[in-house]
Amino acid sequence: MADLVSHPDEVKVVSRRFGLGATNLDRHLELDGYKAVQKALAMEPDSIINEVKNSGLRGRGGAGFSTGMKWSFVPKQSAKPKYVLCNGDESEPGTCKDRLIFEQDPHSVIEGVMIAGLAVGARSGYIYIRGEYRYLSIIMQKAIRDAYAKGFLGKNIFGSGRDFDIYWHGGAGAYEVGEESALMESLEGKRGIPRVRPPFPAVAGLWGGPTVINNAETLASVPHIILGGAEWFAKLGPPKNGGTRLFCLSGNIAKPGVYEFPMGYNLKKMIYDVGGGIPNGRKLKAVVPGGASCPCLTADEIDVGMDFDSVAKAGSMLGSGGVIVVDDAQCIVKFALRTMKFFQHESCGWCIPCREGTDWLKKTLVRFHAGAGQMKDIDNMQYLAENMLGRTFCPLGDAAAMPTIAFVKKFRKEFEDHLDGKPCPYEKAGVAEPAFAH
Amino acid sequence: MKFSDEFEARFAEMVTHYPTRRSALVPTLLYAQDEVGYLSDEVIRELATRMDVTELEVRDVISYYSMMTTKPRGKFNVQVCTNISCIVRGGEELLDHCAKKLGIGEKQTTADGMFSLEEVECIGACSWAPAVQVNYDFHENLTPEKMDRILDEYKKKATQ
């Protein structure tokens, strides 16, 4: 079980039942569980979709697309069965929020999948959980069994005359499977290689049927919207950024943890007031605001509201809610190298700009950090990364390129400090230890 | 090829969850690996037959997923995360420490077959970094000293 934290500024919506024993179905019911789906059963599908649209809920996996809009793309009539697919393949470095939802309130995800199913006319849903989260798969499998035993799932749910099935599915270690089309490939028993779009999943997804794919946190927000109303949810955040978000504070910060704040909560406050600032008398150097694929912000750029549009305006992305704090003892070149090593490892190799680009960038950064970099490498890295942008079938290429461009642009001096055979200044000062086997 | 009753019951149920048998492949491979210790030629042959796919297709899938292995590992697979949230809190030092303590390197196994070591990508424990997974168990907020105690406990557990 992961440690839970709290702060007075928190607004608990998705985390409302955390720490209250809500994995137990009876306890979950005492805490208003499965009321939203019963309400939704009495609603027209279009009014469910409109409610979610009006709530301003946007995809919590990272892309920030309007959830209600996504649902509305599913055709009303379909010869093939329609599906709901919950993306619980959480693996964006810096992100550990879905883990807490599965651990603390698995039934909220089940309920969210059911409501999504009612909205788009699907009769079954899948909850895909990454393979490393075995203990959470056990929790989720039990939650699904319990919901069946109570008659909440299966035939004639809640006596409504309608049927709905939910199945668990597990991954086996692959970042790219978090991308929606690769996720479907994985669920169909294949390598997680992205699909060419169009057709989009809403038209032709799992086994060719129309499929709605949402992140676990997105789906866990849905029952609260149905119960509390679109207006209430929308007003928690700034315009077009409805609700709250689970932020995963990690890195060089005094009080790391997963906190839930309204959209638009100030990042500086999050780091200093909530997170207790930078420990060991160190200073802030950079923040990666939304998981490893987001461009970093420098210490001067953190007075920003944490919602999709404000972070985009600041030149980065709200992403998956993983806020990684980096202090001034860290070498940015090494940090950029570790980031690229990850993307190089996870690239499926299908698109050449991503496969070759991540490998080339990793090799350059390895050489650079070892002190064998040349001045022209700095511009070359940026040039290479910029040429990966938008040239791949899935966003992994962009995810690797964007942070690299920001590291080079914003911390050029640190790259220059590694030139001409100079050892890494941070390791020389005894601040950082030599790397293992890179 | 004989799997446990639990495996068979789970498999029989799982294949009813999808319109195609093959869809159960990824989780089934991992459950098979948990029983056998690795994905042996025999396991691959058996699952290929059950899933109506070729052995080559099964191997193709195995090679994609980082948790799957066709070679035996130690009884306890120590997976140290060195991704960005962990690296700034001592993940690399922890990996070095484990390597020294166990006397093995990346993807190697101790002579007694007890431990193997692996550097892994983000395991979703970022707010509790640095973190390690031993098989499926999470160990978080680690220091080298805490890690020593954890490894000793596993060793004790295995010899009892």
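The mean pLDDT of chain A is 95, and 97% of its residues score at least 70. Where pLDDT is low, the predicted coordinates should not be read in detail.

Chain A is divided into three domains: domain 1 covers residues 25-236, domain 2 covers 244-327 and domain 3 covers 332-428. Between domain 1 of chain A and domain 2 of chain A, the C-alpha centres are 27 Å apart. Their contact involves 14 residues from domain 1 of chain A and 20 residues from domain 2 of chain A. On the side of domain 1 of chain A that touches domain 2 of chain A, four residues are nonpolar, five are polar and five are charged. Chain B is divided into domain 1, residues 5-62, and domain 2, residues 76-159. The C-alpha centres of domain 1 of chain B and domain 2 of chain B are separated by 28 Å.

The contact between the chains takes 53 residues from chain A and 43 residues from chain B. On the side of chain A that touches chain B, two or more residues come from each of the helices α7 (134-149), α8 (180-187) and α13 (332-346) of chain A. The strands that do so are β3 (165-170), β5 (244-251), β6 (257-262) and β11 (322-327) of chain A. The most is given by α13(A), with six residues. By class, this side of chain A consists of 23 nonpolar, 19 polar and 11 charged residues.

In chain A, five strands form an open sheet in the order β6-β5-β11-β8-β9, with mixed pairing. Its edge strands, β6 and β9 (297-298) of chain A, each pair on one side only. Strands of a sheet pair through backbone hydrogen bonds, either parallel or antiparallel. The pairing of β5(A) with β11(A) is parallel and has four bridges. Within this part of the sheet, S250(A) has I324(A) in β11(A) as its bridge partner.

Strand β8(A) runs antiparallel to β11(A), to which four bridges join it. One bridge partner in β11(A) is D327(A), which pairs with L284(A). Strand β8(A) also runs antiparallel to β9(A), and two bridges join these strands. Here A286(A) stands opposite T298(A) in β9(A). Five of the five residues of β8(A) are buried, so this strand is largely enclosed by the rest of the structure. Helix α11 (residues 267-274) of chain A lies across β5, β6, β8 (284-288) and β11 of chain A. The direction of α11 of chain A is at about 120° to that of β8(A).

Chain B has an open sheet of four strands in the order β2-β1-β3-β4, and its pairing is also mixed. The edge positions belong to β2 (115-120) and β4 (137-139) of chain B, each of which pairs on one side only. On average, neighbouring strands of this sheet are turned by 25° against each other, direction ignored. Strand β3 (residues 132-134) of chain B and β4(B) run antiparallel and are joined by three bridges. In this pair, V134(B) stands opposite D137(B) in β4(B). Helix α6 (residues 91-102) of chain B packs on the sheet and touches β1 (76-81), β2 and β3 of chain B. The helix direction makes about 150° with that of β1(B).

A48(B) is located in helix α3 (residues 41-51) of chain B. This residue has 17 C-beta neighbours inside 10 Å and therefore counts as partly exposed, because 20 or more would be needed for a buried residue and 12 or fewer for an exposed one. Not counting residues up to four places away in sequence, A48(B) touches V53(B), T54(B), E55(B) and V58(B). The C-alpha atoms of A48(B) and L25(B) are separated by 8.9 Å, and the two residues are 23 residues apart along the chain.

Key
Residues are numbered from 1 along each chain as its sequence is written. Chains are lettered from A and ligands numbered from 1 in the order in which they are written. This is a predicted model: local features need pLDDT of at least 70, side-chain atom pairs count only at pLDDT 80 or more; totals for chains, interfaces and linings use all residues. Domain bounds come from an automatic or database domain assignment. Two residues are in contact if their C-beta atoms, placed from the backbone, lie within 7 Å. Ala, Val, Leu, Ile, Met, Phe, Trp, Tyr, Cys and Pro count as nonpolar, Asp, Glu, Lys and Arg as charged, and the others, Gly among them, as polar. pLDDT is the predictor's confidence in each residue, from 0 to 100. Two strands pair if DSSP finds at least two bridges between them. Axes are lines fitted to C-alpha atoms, for helices over the stretch in contact, and angles run from 0 to 180 degrees between N-to-C directions.
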